[in-house]
Amino acid sequence: MAIVNKQAGDPYENLANAVIAQAAEDYRAALKKIKAHPKNKDAIDEALRIERFFRSGWYQTFTSVDGECLIRRLQAEIRSS
């Protein structure tokens, strides 16, 4: 029985997209914790760490999506929820 690759496209691009998607989910989770408990140091540290990633050269090698724009969009999403 042959194994069929269910994800089309470049596997490196798929990996890069998965890394960014996971970082976005982790950032949302940290922002939700901060919204519920504004003094939660662990959540604040996590959010700041992910923001550094979104602003990093490493992030820019993964995507052409502006990291600052992504940060603002995710923050607005959590504020309005």
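**Salt bridges and overall form of the chain**

E25 counts as partly exposed, at 44% relative accessibility (buried means under 20% relative accessible area, exposed over 50%, and partly exposed in between, with a 1.4 Å probe and protein chains only). The model is predicted: local features need pLDDT of at least 70, side-chain atom pairs count only at pLDDT 80 or more, and totals for chains, interfaces and linings use all residues. Residues are numbered from 1 along each chain as its sequence is written, and side-chain values use heavy atoms, with hydrogens and water left out.

The side chain of E25 meets that of R28 in a salt bridge of 2.5 Å, N to O (a side-chain nitrogen of Lys or Arg within 4 Å of a carboxyl oxygen of Asp or Glu). Both residues belong to helix α1 (residues 11-36), where they stand 3 residues apart, about one turn of the helix. R28 is buried, with a relative accessibility of 17%.

A search of the whole structure gives 6 salt bridges. One of them joins the side chains of E46 and R49 at 2.8 Å, N to O. These residues are separated by about one helical turn because they lie 3 residues apart in helix α2 (residues 41-54). E46 is partly exposed at 26% relative accessible area, and R49 is likewise partly exposed, at 42%. E51 forms a salt bridge with R55, with 3.4 Å between the closest N and O atoms. E51 is buried, at 11% relative accessibility, whereas R55 is partly exposed, at 43%. Elsewhere, salt bridges with shared partners link E25, R28 and E77 into one network.

The chain contains 4 helices and 0 strands (DSSP runs numbered from the N terminus, with helices being H or I of at least four residues and strands E of at least two). From the N terminus on, its elements run α-α-α-α. The radius of gyration is 15 Å, well over the 12 Å that the globule rule gives for 81 residues, so the chain is more spread out than a compact globule (the radius is taken over C-alpha atoms, and the rule is 2.2 Å times the number of residues to the power 0.38). Along the principal axes, the C-alpha atoms fill a box of roughly 55 × 30 × 25 Å.

Buried residues account for 27% of the 81 residues in the chain. Of the contacts (heavy atoms within 4.5 Å) between residues at least 6 apart in sequence, 51% join residues at least 24 apart.
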